[in-house]
Amino acid sequence: MEDLKNIAFDIMEEICETDEIREDPDLDLMDAGLIDSLSTINIILLIEDKLGLKLQPTDFTKEDISTVNNFISFLEGKVK
Amino acid sequence: MVFSQYTNIFSLIIFSSLLIPGIVAGFMGKRIKYLGMIASVFALCMIMGFHTLQMYQFLIFLACESILIMGYYFFNKRAKSDFVYFWVLILSFLPIILIKSVIYLPRFNFLGFVGISYVSFRVWQLIIEIHDNHIEKLPFLDMLYFITFFPTISSGPIDRYQRFTKDLNNAIPRNEYINDYLFVGIKKILLGVVYKLGIAAFINLYVIEKMPHEKTFLSVVIYMYAYTFYLFFDFAGYSNFAVGTSYILGIKAPENFNKPFLARNMKEFWDRWHISLSKWFGDYLFSRFVLNTLRNGTFKSKKMAVRCGYLLTMTIMGLWHGFTLFYVAYGVYQGIMLVITDFYLKSKVYRKFKKSGCYDIVSRIVCFQIVAIGMLIFSGYLFNV
């Protein structure tokens, strides 16, 4: 699970292009202007690359990627 | 006798009277589901008539699509096949393609029924979600009610199956129903009256219908702005009726508009205008196109895939409105504008401009002009000589 957490941080760091997200995993990424509606596509491609998991855009809700912590729980749910 | 939904106070009252059993159930804290289904049957008979060609076509459509969806649902549980998925999708496209082609086939102009464009979205969403294994259970009645749900049948908003059935199977406590569904629904319907039967009707009567036959530069400009406001108030008014009626039946249908004329660029505009349509296209066409073309290497760069995705999605959106030249032109125009917006948002000019004090106001004025030109194309005014 620790691995998955690291992967989630790596993915979000790459998407948001800042390591600030590591300091506050509950930061609302949409509000902070770090992600937009197109980010989902990048996130899907990165998940595919790092975890070999093929997802569709409708697998996510807005909340699933709104904070790093939500994203971690989302990934945990998918990998189980 | 056939009634058109939400076009005047009289039909609004007639259709609202169908909601009374549902309201009573809501007051008693009971589930509205089955009363809503019965109301839907009556409403559909009022919209399309009972022994009419339109109703027969609707029923044939419904029977064929139900067989297709249920058949694919049971097939997909046993085996996975992209070949079958492809052909199921193609089959589900046929009715709308046929009906939209009628403008070029005058002999078949009896084809068509109210809501074909919007009902099709519900059918396609089900097929795609079945393929993605997002639908665990598909009770026949729930599916049928989702496809034929009357408040939003003629022009949306386009709901999603999972969201819809969650509301549908929810027993709402009495107080919550009164405050969060009934009153909110009535408020929305009243706002719809002001928008559609008030403001839009006023603009139509006093500006649009008064336009001279001879087109001059000035008349085109006046028409463009008048039509833009007319379309917003007419469509947002309609959407308020549709969403309000859905709320009263215990379904929180999604909103379609969020102050679209305050958008600062065309990307933002599509997050605010006909939201349920642009979200649908975003989820089921655009992002899948971008993902698949990047996965299979058609495009090396994401930028290129995204820009081609905009052009493709918006052109199809135009075709979906109708196979008429001006709808297609409208789609292509919106696609090109999104590509230009994408270039603009990634430019240094934008980053600098964003920091300036006049960013909001100037962006909004410019964006509104781009929107209005789009609406002028959409109206067909330039195309009727």
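Trainee: At what angle do helix H4 and helix H6 of chain B pack?
Mentor: In this predicted model, H4 (residues 53-78) and H6 (residues 116-131) of chain B pack at about 5°, their axes 10 Å apart. Axes here are lines fitted to C-alpha atoms, for helices over the stretch in contact, and angles run from 0 to 180 degrees between N-to-C directions. Helices are DSSP runs of H or I, at least four residues, and strands are runs of E, at least two, numbered from the N terminus.
Trainee: What does that make H4(B) relative to H6(B)?
Mentor: Roughly parallel; the class takes angles under 35 degrees, while over 145 is roughly antiparallel, 65 to 115 roughly perpendicular and the rest oblique.
Trainee: Which residues make the contact?
Mentor: From H4(B), Glu65(B), Ile69(B), Tyr72(B), Tyr73(B) and Asn76(B); from H6(B), Val123(B), Leu126(B), Ile127(B), Ile130(B) and His131(B). Contact means that C-beta atoms, placed from the backbone, lie within 7 Å. By class these residues are 7 nonpolar, 2 polar and 1 charged. Nonpolar covers Ala, Val, Leu, Ile, Met, Phe, Trp, Tyr, Cys and Pro, charged covers Asp, Glu, Lys and Arg, and the others, Gly among them, are polar.
Trainee: And H14 and H16 of chain B, at what angle do they cross?
Mentor: Roughly 160°, with the axes of H14 (residues 325-345) and H16 (residues 359-379) coming within 8 Å. H14(B) and H16(B) are therefore roughly antiparallel.
Trainee: Which residues of H14(B) and H16(B) are involved?
Mentor: H14(B) uses Phe326(B), Ala329(B), Tyr330(B), Tyr333(B), Gln334(B) and Met337(B), and H16(B) uses Ile370(B), Gly374(B), Ile377(B) and Phe378(B). That contact has 8 nonpolar residues, 2 polar and no charged.
Trainee: Stepping back, how many helices and strands are in chain B?
Mentor: 16 helices and 0 strands. The C-alpha trace of chain B spans about 55 × 55 × 50 Å along its principal axes.
Trainee: How much of chain B is buried?
Mentor: 39% of its 385 residues, where buried means 20 or more other C-beta atoms within 10 Å of the residue's own, exposed means 12 or fewer, and partly exposed lies in between, with C-beta atoms placed from the backbone.
Trainee: How many residues does each chain put into the contact between A and B?
Mentor: Chain B gives 10 residues and chain A gives 9 residues. On the chain B side, helix H12 (residues 275-295) gives the most, with 7 residues. That side has 4 nonpolar, 3 polar and 3 charged residues.
Trainee: What is phi of Glu17(A)?
Mentor: Near 55°, a positive value in a residue other than glycine. Glu17(A) is in the loop between H1 (2-16) and H2 (20-23) of chain A.
Trainee: Is Glu17(A) buried or exposed?
Mentor: Exposed, with 9 other C-beta atoms within 10 Å of Glu17(A).
Trainee: And where is Lys259(B)?
Mentor: In the loop between H10 (217-248) and H11 (266-272) of chain B. Phi of Lys259(B) is near 45°, also positive in a residue other than glycine.
Trainee: What about the numbering, and which confidence limits apply?
Mentor: Residues are numbered from 1 along each chain as its sequence is written, and chains are lettered from A and ligands numbered from 1 in the order in which they are written. As the model is predicted, local features need pLDDT of at least 70 and side-chain atom pairs count only at pLDDT 80 or more, while totals for chains, interfaces and linings use all residues.

Note on methods. Contact = placed C-beta atoms within 7 Å.
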